[in-house]
Amino acid sequence: MALLRSLSAQRTTINLVYSRNTSTNGGTAAAAAVANGNGLRRAQALHTTNNNNNSKNNNTNANSDGYAATDSETANILSTLRQVLQKQHQQLQWQNLVLSSVVAGNAGIGGGGGGGGGFYSHSTTRSLHSAARNQQAQVAPAEIAVDDEAKQRKREALKPVEPKPAGTPQRDPLDVSFNDPLAAFKSKTTWELVRAYVVYMICSSEKLVEHNMKLMKVAKQILGQRLFTSLMKATFYGHFVAGEDQIKIIPTLERLRSFGVKPILDYSVEEDISQEEAEKREVESSVSSAGDVKDDGTMPQYHVDKSFADRRYKVSSARTYFYLNEATCERNMETFIKCLEAVSGATFGTGITAIKLTALGRPQLLLQLSEVIMRTRKYMEDLVGGQGNVLTHHKTIKDLEKYYASVGDNKDVQEFLKNVTSDKEGILHLFPWSGIVDENSQLSDTFRVPDPQTGQMRRLISQIPPKEEEMFRNMIRRLNTIVKTAAELDVRIMIDAEQTYFQPAISRITLEMMRKYNKEKAIVFNTYQCYLRESFREVGTDLEQAKRQNFYFGAKLVRGAYMEQERARAQALGYSDPVNPNYEATTEMYHKTLTECLRRIKLFKDSGEDAKKIGIMVASHNEDTVRFAIEKMKEIGISPEDKVICFGQLLGMCDYITFPLGQAGYSAYKYIPYGPVEEVLPYLSRRAQENKGVLKKIQKEKRLLAAEIRRRAFRGQLFYKPKGNYVPI
């Protein structure tokens, strides 16, 4: 019986491999694990031993296995895979002959005498098990003892090799050169490695990537919905997307967690609308029903221009929402809440959900609010001199009274001064932002400042009709609902950065959400794009506000997604270019901003205060930036266990950075998109475009993938089943 089960199991495993293209990833792995338990366990034991040896020689292994992955090398890898499978298939044929002999030699067992060409039928199998059940009561006690002893030995064999004591999760040394293919891909099956290699090969073809959306639509027409979906799941969708809904992504989240990586969830369904439709929606939703009013102080960058109304222009790494109506915004809110619920159930308080404010309201309101903020800064600069945000001037209310002395005892001025937000160090805001976010304040009545010469109050925002005032309150209500839900579920919210003409409003609202909800820990995170010239100053100002108003500050640092669009728009509309002059300047800005955050964390730590008052995510696919962050952490004395710095990359990109970090005990995240195949095609198109722009990273990823596939083929680990013993920090 044991021999029958063993040989049958091995045949099942080989069949699973041959039918891999029509199976789902998780299903095959699970079936193979059940069918060939002993063999896989022995392979895993060998793999674990190899891991222990390789962890001492990461650089050596990476260099010996690493090579440039060319087309000929790809052919060699596939040839090796075929040879190994053919060899195992030949062994299986020989085993089938043995199996037929065993069945034929035990004619009494099957009741069929060994007929049927040596292969037993389903009825024979049923008879075999029925006979066993009928005779179970008559089995001798000695045989039971022998059987129990065999089961015990089997259980012992199935135990993990050198299990870790409770409370001591596995940790690996970190190769900061990020050249260790074993550390990078131990969380992947061999099929997933081959799929990734194929996807990166396609991304290396400029013509295929340039026309990828058209090709996908043509493929769908030719293959039909069902075959097209299967093709996408076997290639791009399977590589870059976790699953179709919050239930189907759970296996991916659990596997990530077992290898020390946490998720940032994003429901990546995008509308595939034409440029004409996008421009129409954007223009209609960016202008007030009262008209696009412009006066002497108007700033052109905060008014819609049809030439740039399609905000997808030259943007490949960020999703774009186009306002349709308030009902759509409500649905977007519900979708974000479902993301929160999904990540909460699978991450034990360590998960994150990313949202965009343009998904929750009318863009016109963000444009107007952004212009108000920038005009307020200009007003303050003209009044007191200097440059920058209001709080950077360190002026008090008494100072303002002196500036307004010439207007006498003006009631409007006194009322204005009463609503100024200040502390012992000076003025924080000229306007009561807490009231704007928490209460039903009217925007048109709030954003008024006194003329220092006449005392008359003048508007910094054009009159907003009552219906649009209500739309603004709806947007704030939706955001409040999302953040409140996140706090209740112990999930963090990252509010994405968007174009510079929206960003002042987005940052201001996000900071007020931090003030309201980040009282005990960082729930809300703002995003800062370091390709902007003002990034360092903006982060410094917001850190100062967090310190003075005593709330936890959360920031995600990115290079940025809108550089080409921003530069072209500034040139066309005649305002100063907000973007750093070159790549090196952006890198310097990123490192300078990160260093300032780390410096302030150290100040908290050295003074005995909670270092977690500042939480930073280094969201970068640039390994030099990741190395810089690690070196600065060591230099300043910040350890991964302090839980103040984390790292993040996209699912399907730069695994050679994320997984070694997570397995070494650093806080590492993957940005996890999910959604139905048909509805995430725009997202997949952008991922292909983004990978085309980082060919250097693709070449490294391909080289490491090829090295790991080759290593597994030569060590007999093609059926390796990923099983991690890591616990995210």
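Helices (H or I, at least four residues) and strands (E, at least two) are DSSP runs, numbered from the N terminus. On that basis, the protein chain has 30 helices and 12 strands. The model is predicted: local features need pLDDT of at least 70, side-chain atom pairs count only at pLDDT 80 or more, and totals for chains, interfaces and linings use all residues. Residues are numbered from 1 along each chain as its sequence is written, and side-chain values use heavy atoms, without hydrogens or water.

**Whole chain**
- Of 729 residues, 53% count as buried (under 20% relative accessible area; exposed is over 50%, partly exposed in between; 1.4 Å probe, protein chains only).
- Contact means heavy atoms within 4.5 Å. Among contacts with a separation of 6 or more, 78% join residues 24 or more positions apart.

**Surface and helix H12**
- Ile 222 lies in helix H12, residues 212-234.
- Ile 222 is exposed, with a relative accessible area of 66%.

**Glu 469**
- Glu 469 sits in helix H22, residues 466-489.
- Glu 469 is buried and has no salt bridge (a side-chain nitrogen of Lys or Arg within 4 Å of a carboxyl oxygen of Asp or Glu).
- The nearest side chain of opposite charge is Arg 473, 4.4 Å away (Lys and Arg count as positive, Asp and Glu as negative; His and chain ends are not counted).
- Leaving out residues up to four places away in sequence, Glu 469 touches Ser 441, Gln 442, Leu 443, Ser 444 and Ile 464.

**Cysteines**
- The disulfide count is 0, with a cut-off of cysteine sulfur atoms within 2.5 Å.
- Cys 646 is buried at 8% relative accessible area, and Cys 654 is buried at 2%.
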